[in-house]
Amino acid sequence: MQPIFDGHHDALTRADHANLVTGRDGGHLDLPRAAAGGLVASMWAIFCSGPGGVDLDFEAAPGGGYDIPLDPEVPHDFAAAEATAAAGRLLALERAGHLRVARSVADLDAAADGSGPHAAVMHLEGAEPLDISLEALDAWHAMGLRSVGPVWSRPNRFGNGVPFRFPHSPDTGEGLTDAGRALVRKLNAYNMVVDLSHLNTRGFWDVAGITDAPLIATHCGAHAVAPASRNLTDDQLDEIGRTNGLVGIPYIVDFLRPDGKLDADTPLTQVVAHVRHVADRIGAGHVALGSDFDGGVIPQELGDVAGLPKLLDALRAGGFTEAEVAGIAWNNWRRVLAATWA
Ligand code: ZN
């Protein structure tokens, strides 16, 4: 079975996370279903919903499309407590032998050849849990954190996230703050991934101007295929290709569809259309998967993580060679993570 790496999912912070080992009743991802689908390694997002929770209504705008007001900033102390608990949850799964928190590519390789358990890359989606002086980053690195997105789609002390809008450009205002630039420099110095997802245009170019690592967007589609503010424009894709970087394509229908509709009756060929655009624009070595499982509505045809072989078949049917499919499913992620973590 082709091993698969997924650049982003939200299973760790769902309310029924206690059932990740035995199987959740619903949702998109748990460990038994991941194994059934060939998903042997993935980025486990630690996301802070904040005191008020997060309620995104993608059907809000009349006449199709959406324009969702930005959530307020989450206070650091609240986010730090929420995130530390989620990190502990992941480490408890490791302690019990259900997965391995990936600290190097050797952990990914072991998962791929079957000699090790599922490799979980610990990822912070939004840097709110970090203190402004970044002293906590050492503690987080020691816990196993290997990837940080400076912002989610809301403001924080490190920068401004891109609002969820459709149709809309990702160019929505100010990018990183001085603290955000310091964060990117420190992540670089610690050989950690800086995730471009949820940044606006200025934030993207702020990161690109600072980092010397391959540029990585763990879960973003192509703006040329579906004009969502969360998707990457062609000039952004070009820059990612130039740095030997990577884009993980999400399966969230309102980012995938040319009409932006929240409609689960969306064929897998629409995921393939985004993969195809990125591959044609910057090469098949620079596109991979970044599901956003448990983060929104995905195509019914896929169902959940156990359906991933259907997506690989859709890529083959879309004209990708077996070598390209292996790259999209696994090798491309392995390459950029090896280059970043080295
Ligand atoms: Zn996200």
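## A walk from a helix pair to a zinc site

Let's start with helix α3 (residues 105–112) and helix α11 (residues 322–341), which pack at an angle of about 160° with their axes 10 Å apart. Axes here are lines fitted to C-alpha atoms, for helices over the stretch in contact, and angles run from 0 to 180 degrees between N-to-C directions. Helices (H or I, at least four residues) and strands (E, at least two) are DSSP runs, numbered from the N terminus. This is a predicted model, where local features need pLDDT of at least 70 and side-chain atom pairs count only at pLDDT 80 or more, while totals for chains, interfaces and linings use all residues. Residues are numbered from 1 along each chain as its sequence is written, and side-chain values use heavy atoms, with hydrogens and water left out.

Back to the pair: α3 and α11 are therefore roughly antiparallel to each other. Angles under 35 degrees count as roughly parallel, over 145 as roughly antiparallel, 65 to 115 as roughly perpendicular and the rest as oblique. On the α3 side, the contact (heavy atoms within 4.5 Å) is made by Val-105, Leu-108, Asp-109 and Ala-112. α11 brings Trp-330, Arg-334, Leu-337, Ala-338 and Trp-341. The residues of this contact of α3 with α11 divide into seven nonpolar, no polar and two charged.

Arg-181, Val-184, Arg-185 and Asn-188 of α5 meet Asp-206, Val-207 and Ile-210 of α6. The residues of the contact of α5 with α6 divide into three nonpolar, one polar and three charged. Leading up to α5 from β9 (165–166) is a loop that holds Pro-167, and the peptide bond from Phe-166 to Pro-167 is cis, with omega near -10°.

Now for the metal. Which residues coordinate the zinc ion? Glu-125 (OE), His-198 (NE2) and His-219 (NE2) do, at 2.1 to 2.2 Å. Donors are N, O and S atoms within 2.8 Å of the metal (3.2 Å for Na, K and Ca); water is not among the atoms, so sites may look incomplete. In sequence, the donor residues of the zinc ion follow the spacing E-x72-H-x20-H. His-198 sits in the loop between β10 (193–194) and α6 (201–210), and His-219 in the loop between β11 (216–217) and α7 (234–242), 21 residues apart.

His-198 has a backbone detail to check: its phi is near 75°, a positive value in a residue other than glycine. At 4% relative accessibility, His-198 counts as buried, and His-219 is buried as well. Buried means under 20% relative accessible area, exposed over 50%, partly exposed in between (1.4 Å probe, protein chains only).

Leu-134 also has a positive phi, about 70°, although it is not a glycine. Leu-134 lies in the loop between β5 (119–125) and α4 (136–143), and it is buried, with a relative accessible area of 4%.

Finally, look at α7, where Gln-236, Leu-237, Glu-239, Ile-240 and Gly-241 are buried. What covers the buried residues of α7 includes α6, β11, β12 (246–249) and α9 (269–282). After α7 comes Asn-244, with a positive phi near 65°.

Methods: Ala, Val, Leu, Ile, Met, Phe, Trp, Tyr, Cys and Pro count as nonpolar, Asp, Glu, Lys and Arg as charged, and the others, Gly among them, as polar.
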